[in-house]
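Student: Hi! Could you walk me through a structure while I have it on screen?
Tutor: Happy to, let's open it up.

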Amino acid sequence: MTMTNQRRLFIAVNLPTDVKGQLHQLQRQLYVLGGGIKWVEPYNFHITIKFLGETDQQQLSVLEGALAQSVIGINPFGLHLNKLGTFPQRGTPRVVWVGLGGDINCLKTLQQQVEHRLAAVGFAPEKRKFSPHLTLGRVKTNVDGLLTAITTIKALDVNFAVNSVELMQSVLTGKGPVYSRLASYGLG
(Lines give C-alpha, C1' and ligand atoms only; values in the text may rest on other atoms or scores of the structure.)
Protein backbone atom coordinates (compact mmCIF):
# COMPACT_ATOMS: atom_id res chain seq x y z
CA MET A 1 0.00 0.00 0.00
CA THR A 2 1.31 3.45 -0.92
CA MET A 3 1.14 6.20 1.68
CA THR A 4 0.58 9.71 0.43
CA ASN A 5 0.58 13.07 2.12
CA GLN A 6 -1.70 14.54 -0.54
CA ARG A 7 -5.42 15.19 -0.11
CA ARG A 8 -7.85 16.16 -2.87
CA LEU A 9 -9.52 19.27 -1.43
CA PHE A 10 -12.13 21.86 -2.27
CA ILE A 11 -13.99 24.65 -0.49
CA ALA A 12 -17.77 24.56 -0.58
CA VAL A 13 -21.08 25.74 0.75
CA ASN A 14 -22.96 22.63 1.77
CA LEU A 15 -26.74 22.50 1.50
CA PRO A 16 -29.44 21.71 4.05
CA THR A 17 -30.83 18.17 3.82
CA ASP A 18 -34.28 19.34 2.67
CA VAL A 19 -32.74 21.31 -0.22
CA LYS A 20 -30.76 18.23 -1.25
CA GLY A 21 -34.02 16.28 -1.25
CA GLN A 22 -35.69 18.79 -3.53
CA LEU A 23 -32.74 18.70 -5.92
CA HIS A 24 -32.98 14.91 -5.98
CA GLN A 25 -36.67 15.19 -6.92
CA LEU A 26 -35.63 17.45 -9.78
CA GLN A 27 -33.10 14.86 -10.94
CA ARG A 28 -35.84 12.23 -10.91
CA GLN A 29 -37.84 14.32 -13.37
CA LEU A 30 -34.88 14.07 -15.74
CA TYR A 31 -34.20 10.33 -15.27
CA VAL A 32 -36.53 9.61 -18.19
CA LEU A 33 -33.76 10.82 -20.49
CA GLY A 34 -31.87 7.59 -19.94
CA GLY A 35 -28.39 6.64 -18.88
CA GLY A 36 -26.30 9.23 -20.70
CA ILE A 37 -26.00 11.41 -17.58
CA LYS A 38 -23.95 10.61 -14.47
CA TRP A 39 -26.08 12.13 -11.72
CA VAL A 40 -24.50 13.70 -8.64
CA GLU A 41 -25.45 11.71 -5.55
CA PRO A 42 -27.89 13.79 -3.43
CA TYR A 43 -25.64 13.66 -0.36
CA ASN A 44 -22.85 15.27 -2.45
CA PHE A 45 -24.76 18.40 -3.55
CA HIS A 46 -22.79 21.57 -2.77
CA ILE A 47 -21.77 24.94 -4.20
CA THR A 48 -18.07 24.89 -5.07
CA ILE A 49 -16.30 28.02 -3.93
CA LYS A 50 -12.82 26.86 -4.94
CA PHE A 51 -11.37 23.56 -6.10
CA LEU A 52 -7.85 23.04 -4.76
CA GLY A 53 -7.09 19.56 -6.07
CA GLU A 54 -4.21 17.54 -4.65
CA THR A 55 -2.91 19.46 -1.66
CA ASP A 56 0.02 18.58 0.55
CA GLN A 57 -1.10 17.74 4.07
CA GLN A 58 1.61 20.04 5.42
CA GLN A 59 -0.28 22.99 3.87
CA LEU A 60 -3.43 22.28 5.90
CA SER A 61 -2.68 24.61 8.81
CA VAL A 62 -1.83 27.52 6.47
CA LEU A 63 -4.94 26.76 4.40
CA GLU A 64 -7.17 26.61 7.47
CA GLY A 65 -5.80 29.93 8.76
CA ALA A 66 -6.44 31.61 5.40
CA LEU A 67 -10.00 30.24 5.30
CA ALA A 68 -10.71 31.51 8.81
CA GLN A 69 -9.57 34.96 7.69
CA SER A 70 -11.62 34.82 4.49
CA VAL A 71 -14.99 34.70 6.29
CA ILE A 72 -14.33 37.72 8.53
CA GLY A 73 -16.88 40.44 7.82
CA ILE A 74 -19.26 38.22 5.85
CA ASN A 75 -22.63 37.72 7.50
CA PRO A 76 -25.00 34.81 6.81
CA PHE A 77 -27.04 35.35 3.66
CA GLY A 78 -29.86 33.75 1.70
CA LEU A 79 -29.84 32.03 -1.66
CA HIS A 80 -32.48 30.28 -3.68
CA LEU A 81 -32.48 27.72 -6.45
CA ASN A 82 -34.05 28.84 -9.70
CA LYS A 83 -33.62 27.79 -13.33
CA LEU A 84 -32.01 24.75 -14.95
CA GLY A 85 -29.27 25.06 -17.52
CA THR A 86 -26.29 23.38 -19.14
CA PHE A 87 -22.61 24.05 -19.66
CA PRO A 88 -21.52 24.95 -22.22
CA GLN A 89 -24.42 27.18 -23.16
CA ARG A 90 -23.79 26.50 -26.85
CA GLY A 91 -22.95 23.19 -28.41
CA THR A 92 -23.13 19.78 -26.80
CA PRO A 93 -24.09 19.93 -23.11
CA ARG A 94 -21.51 18.51 -20.69
CA VAL A 95 -23.02 19.56 -17.33
CA VAL A 96 -26.63 19.93 -16.13
CA TRP A 97 -26.90 22.57 -13.43
CA VAL A 98 -29.32 24.58 -11.28
CA GLY A 99 -28.80 28.31 -11.10
CA LEU A 100 -28.79 30.37 -7.94
CA GLY A 101 -30.56 33.58 -7.03
CA GLY A 102 -30.87 35.66 -3.90
CA ASP A 103 -27.85 37.31 -2.30
CA ILE A 104 -25.51 36.33 -5.16
CA ASN A 105 -23.31 39.36 -4.45
CA CYS A 106 -22.65 38.00 -0.95
CA LEU A 107 -21.72 34.62 -2.43
CA LYS A 108 -19.41 36.29 -4.93
CA THR A 109 -17.80 38.35 -2.16
CA LEU A 110 -17.22 35.17 -0.15
CA GLN A 111 -15.66 33.48 -3.19
CA GLN A 112 -13.45 36.52 -3.91
CA GLN A 113 -12.24 36.71 -0.31
CA VAL A 114 -11.41 32.99 -0.33
CA GLU A 115 -9.52 33.44 -3.62
CA HIS A 116 -7.63 36.46 -2.28
CA ARG A 117 -6.65 34.90 1.05
CA LEU A 118 -5.59 31.61 -0.54
CA ALA A 119 -3.56 33.36 -3.24
CA ALA A 120 -1.71 35.22 -0.47
CA VAL A 121 -0.54 31.87 0.98
CA GLY A 122 0.46 30.30 -2.32
CA PHE A 123 -2.65 28.71 -3.85
CA ALA A 124 -3.05 29.55 -7.52
CA PRO A 125 -6.07 31.73 -8.33
CA GLU A 126 -8.84 30.28 -10.48
CA LYS A 127 -8.51 31.26 -14.12
CA ARG A 128 -12.22 30.92 -14.93
CA LYS A 129 -14.82 33.43 -13.83
CA PHE A 130 -16.87 32.27 -10.83
CA SER A 131 -20.25 30.98 -12.03
CA PRO A 132 -22.52 30.25 -9.04
CA HIS A 133 -24.44 27.00 -9.66
CA LEU A 134 -25.15 23.51 -8.37
CA THR A 135 -24.18 20.59 -10.58
CA LEU A 136 -26.97 18.01 -11.00
CA GLY A 137 -25.15 15.73 -13.41
CA ARG A 138 -22.43 15.32 -16.00
CA VAL A 139 -23.43 14.39 -19.54
CA LYS A 140 -21.44 11.33 -20.68
CA THR A 141 -23.03 10.74 -24.08
CA ASN A 142 -25.35 12.70 -26.35
CA VAL A 143 -28.76 12.76 -24.64
CA ASP A 144 -31.69 13.27 -27.01
CA GLY A 145 -34.25 15.66 -25.59
CA LEU A 146 -32.08 17.04 -22.79
CA LEU A 147 -32.45 20.70 -23.74
CA THR A 148 -36.17 20.28 -24.38
CA ALA A 149 -36.67 18.57 -21.01
CA ILE A 150 -34.79 21.32 -19.21
CA THR A 151 -36.93 24.03 -20.76
CA THR A 152 -40.17 22.24 -19.81
CA ILE A 153 -39.34 21.99 -16.11
CA LYS A 154 -40.62 25.03 -14.28
CA ALA A 155 -38.24 27.27 -12.41
CA LEU A 156 -37.47 26.27 -8.86
CA ASP A 157 -38.14 28.48 -5.89
CA VAL A 158 -36.29 26.87 -3.00
CA ASN A 159 -34.77 29.19 -0.40
CA PHE A 160 -31.95 28.38 2.01
CA ALA A 161 -29.50 30.17 4.29
CA VAL A 162 -25.73 30.16 3.93
CA ASN A 163 -24.21 30.19 7.42
CA SER A 164 -20.79 28.66 6.79
CA VAL A 165 -18.19 27.56 4.28
CA GLU A 166 -16.45 24.19 4.55
CA LEU A 167 -13.08 22.73 3.69
CA MET A 168 -13.91 19.41 2.04
CA GLN A 169 -11.94 16.33 1.06
CA SER A 170 -12.85 14.29 -2.00
CA VAL A 171 -11.81 10.65 -2.24
CA LEU A 172 -12.34 9.16 -5.69
CA THR A 173 -13.73 5.62 -5.72
CA GLY A 174 -15.03 3.28 -8.40
CA LYS A 175 -18.58 4.23 -7.38
CA GLY A 176 -17.93 7.97 -7.48
CA PRO A 177 -16.45 10.57 -5.15
CA VAL A 178 -16.89 10.43 -1.40
CA TYR A 179 -16.83 13.83 0.29
CA SER A 180 -16.02 14.54 3.91
CA ARG A 181 -15.87 17.81 5.81
CA LEU A 182 -12.47 18.61 7.33
CA ALA A 183 -13.34 22.01 8.81
CA SER A 184 -16.21 24.50 8.92
CA TYR A 185 -16.00 28.29 9.11
CA GLY A 186 -19.09 30.11 10.36
CA LEU A 187 -20.14 33.40 8.83
CA GLY A 188 -20.93 36.44 10.92
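Predicted model: local features only at pLDDT ≥ 70, side-chain atom pairs only at ≥ 80, totals over all residues.

Tutor: We can go through the sheet, then the helices, then one glycine.

Student: In what order do the five strands of the open sheet run?
Tutor: The order is β2-β6-β5-β4-β7, with antiparallel pairing. At the edges sit β2 (37-39) and β7 (158-162), each of which pairs on one side only. From one strand to the next, the twist averages 35°.

Student: How many bridges hold β4 and β5 together?
Tutor: Seven bridges, in the antiparallel sense, between β4 (residues 77-87) and β5 (residues 95-102). For a landmark, find Leu79, which stands opposite Gly102 in β5.

Student: And which strands does α3 touch?
Tutor: Helix α3 (residues 104-120) packs on the sheet through β4 and β5. The direction of α3 makes about 85° with that of β4.

Student: What about α1, which strands does it lie across?
Tutor: Helix α1 (residues 17-30) lies across β2, β4, β5, β6 (133-139) and β7. Relative to β6, α1 runs at about 35°.

Student: How far does α1 reach, end to end?
Tutor: Its 14 residues reach 20 Å from the first C-alpha to the last, close to the 20 Å expected at 1.5 Å a residue.

Student: Which residues of α1 are buried?
Tutor: Val19, Lys20, Leu23, Leu26, Gln27 and Leu30 are the buried ones. They lie on the same side of α1, because they cover an arc of only 115° around the axis.

Student: Why would that spacing work out in general?
Tutor: An α-helix has 3.6 residues a turn, so residues three or four places apart point the same way.

Student: Switching topic: how do α2 and α3 cross?
Tutor: The axes of α2 (residues 60-70) and α3 come within 9 Å and cross at roughly 145°. The crossing of α2 and α3 is right-handed.

Student: Which residues meet there?
Tutor: From α2 you have Leu63, Ala66, Leu67, Gln69 and Ser70, meeting Gln113, Val114, Arg117 and Leu118 in α3.

Student: Last one: is Gly188 buried or exposed?
Tutor: Gly188 is exposed, with a relative accessible area of 78%. You'll find Gly188 in the segment after β9 (176-186).

Student: What does Gly188 contact, beyond neighbours within four places in sequence?
Tutor: With those set aside, Gly188 is in contact with Ile74, Asn75 and Pro76. As for Glu41, 147 residues away along the chain, its C-alpha is separated from that of Gly188 by 30 Å.

Conventions
Residues numbered from 1 in each chain as written. Heavy atoms only, no water. Pairing = 2+ DSSP bridges. Helix = DSSP H or I, 4+ residues; strand = E, 2+ residues; numbered from the N terminus. Axes fitted to C-alpha atoms, helices over the stretch in contact; angles between N-to-C directions. Contact = heavy atoms within 4.5 Å. Expected span 1.5 Å × (residues − 1). Buried < 20%, exposed > 50% of the residue type's maximum accessible area, 1.4 Å probe, protein only. Arc of directions from axis to C-beta. Left-handed = near helix turned anticlockwise from the far one by under 90°.
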